[in-house]
Amino acid sequence: MRGRALSALLVSTALVSAAVVTLGAPLVPQVQQTFGVGTEASQWSYTITLLVGATLTPLLGRLADGRRRRPAMIVVCALVTLGCAISAVGTGFGVFLTGRALQGVAVALVAMTIACARDLFTGPAMTRLVALLSITTALGAGAAYPLTTYVAEHFGPRAAYGGATSLALLVTLAVAGGLPAVVPVDGKPRLDVPGAIVLIAATVCALLAISQGNSWGWSSAGVLVLGGVALVLLLLWVRLELRAAHPLVELRLFARRDVLAAHLTGLLMGVSLYSTPVLITRVGLAPRSSQFGVGLSLSAIGVVMVPIAICNYLSSRTATAMARMWGRRIALAAGGVAGALGPLMLIGVDGRLSLLLASVVLTSCGAGATFGTLPGLIVDSVEPGETGSATSVNILLRAVGGAVGSAVTAALIGATAGPAGEATTTGLTWAALACSATCAASVVVSCCVPSRAS
């Protein structure tokens, strides 16, 4: 019974964190209307959450491998609760963004719960739980979309974040009362503070350069300086990590083919996982007169998103069976193909709800098959004490892919916007092609995975 309670606690924590992070995807158009900002500015309500998650996940993932795990998870849950509350009651767009930034630490909770599962469970129970936790990002999004879109349409986006505050508070109390403390072990790695600071700075500079390229100009001094600083800091970070006795991220693990393939796949698929739902929302909400929209209400969009949770779960289970019979290479390739087809369905929708649903189903199946397979590659390739760190890198790269995809798709849509700042068919087409291309690239990467059955 104790094992079931712990399993339920870990899954609930990951689900709520995923719902909070992805809450911004269907509400981007609502945020644009509520605060009277432009297309790219409203996209920041989603991008900034992924940006913060990408920068802090490695640090928090390392904390999940040691005796600081329980207090770290409690603090993270508390910060998520505070962020939701700020977004719910904030009066200005800047305050609202501050809340969304704090919510970004929720990205790390998936990696932290996977590290808990590795330590607290063994055998098939551990394998099943790790696979389930890995797809909670999509499961949480699919489960939350119908409710949050309904609340946002009838009561405003602030009410949706108010509901998220209540859920996050419940999770914080549950983690504080139900998560067992880690027994101190001699020789546990110390926290690599210099490596964490340099990595955070490099990630922030890189993603800011990408997100502001369209508004500042891709050849502007600001973008070039930020890009150059990011590159220098990244090289410095690699040097620090290779020399550190207890690195934040064990880069030598990248020499293992399974781990490298898992991280590259997570990066590439993350672009579509986080960006395609925003495109689906824009296409669904746009009027039929736009020549690409379906003319749905926000509540109807939430219903259209319901298959996300169902398809992710079923495709994850199917991919697990495929991996046992034919190897993980086939399972990952199948996920990449489905993921690549999903965004393509958005091209030429022109009022057809069937194509919008097809995009949701294919994108969800691709994400479920891929992210249900990746944890096995990592868990089988690293020592138990490195699980949180290695998994956090994979979660980090998903978030980086999502932040880059969110910024790039917003830039493509903004660069081709109409006179009133509205999205156009050209911009949405290029954005969909960008998401599809990264999924297709993940199929190529999957060929690097050993063909043996797992």
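How close do the axes of helix 4 (residues 69-89) and helix 6 come, and at what angle do they cross? They come within 11 Å and cross at roughly 150 degrees. Welcome to a short tour of this predicted model, in which local features need pLDDT of at least 70 and side-chain atom pairs count only at pLDDT 80 or more, while totals for chains, interfaces and linings use all residues. Residues are numbered from 1 along each chain as its sequence is written, and side-chain values use heavy atoms, with hydrogens and water left out.

- Helices (H or I, at least four residues) are DSSP runs numbered from the N terminus, and axes are lines fitted to C-alpha atoms over the stretch in contact, with angles running from 0 to 180 degrees between N-to-C directions.
- Buried here means under 20% relative accessible area, exposed means over 50%, and partly exposed lies in between (1.4 Å probe, protein chains only).
- Among the buried residues of helix 6 are Val-107, Met-112, Cys-116 and Arg-118.
- Helix 4 passes helix 6 in a left-handed crossing, a term for the near helix being turned anticlockwise from the far one by less than a right angle, with clockwise giving a right-handed crossing.
- On the helix 4 side, Arg-69, Ala-72, Met-73, Val-76 and Cys-77 meet Leu-109, Met-112, Thr-113, Ala-115, Cys-116 and Asp-119 of helix 6, where contact means heavy atoms within 4.5 Å.
- By class, this contact of helix 4 with helix 6 has eight nonpolar, one polar and two charged residues; Ala, Val, Leu, Ile, Met, Phe, Trp, Tyr, Cys and Pro count as nonpolar, Asp, Glu, Lys and Arg as charged, and the others, Gly among them, as polar.
- Helix 7 (residues 123-134) packs with helix 6 at an angle of about 175 degrees, the axes being 9 Å apart, and these two helices are therefore roughly antiparallel to each other.
- Val-110, Thr-113, Ile-114, Ala-117 and Arg-118 of helix 6 make this contact with Met-126, Leu-129, Val-130, Leu-133 and Ser-134 of helix 7.

**Nonpolar cores**

- A nonpolar core is a set of buried Ala, Val, Leu, Ile, Met, Phe, Trp, Tyr and Cys residues joined through side-chain atoms within 4.5 Å.
- The largest one has 108 residues, and those with the most contacts inside it are Leu-10, Val-80, Met-112, Leu-133 and Val-283.
- Helix 12 supplies the largest share of this core, 10 residues.
- Another core, of 11 residues, lies apart from it and includes Ala-202, Leu-233, Val-393 and Leu-397.
- Beyond its neighbours within four places in sequence, Leu-133 is in contact with Leu-10, Val-11, Ala-14, Val-110, Thr-113, Ile-114 and Ala-117.

- The axes of helix 2 (residues 24-35) and helix 12 (residues 257-285) come within 7 Å and cross at roughly 50 degrees.
- That makes helix 2 oblique to helix 12, and the crossing is right-handed.
- Ala-25, Pro-26, Val-28, Pro-29 and Gln-32 in helix 2 meet Pro-277, Val-278, Thr-281, Arg-282 and Leu-285 in helix 12.
- Ser-42 lies in helix 3 and counts as buried at 0% relative accessibility.
- Not counting residues up to four places away in sequence, Ser-42 touches Val-28, Gln-32, Val-37, Phe-93 and Arg-282.

- Ile-48, found in helix 3 (residues 39-63), is buried, with a relative accessible area of 16%.
- Ile-48 and Ala-407 are 359 residues apart in sequence and 9.7 Å apart in space, C-alpha to C-alpha.
- Leu-332 lies in helix 15 (residues 328-344) and is buried, with a relative accessible area of 1%.
- Among the residues that Leu-332 touches, not counting those up to four places away in sequence, are Thr-265, Leu-374 and Val-449.
- Gly-217 lies in the loop between helix 10 (193-216) and helix 11 (221-243) and is partly exposed, with a relative accessible area of 23%.

Methods: Angles under 35 degrees count as roughly parallel, over 145 as roughly antiparallel, 65 to 115 as roughly perpendicular and the rest as oblique.
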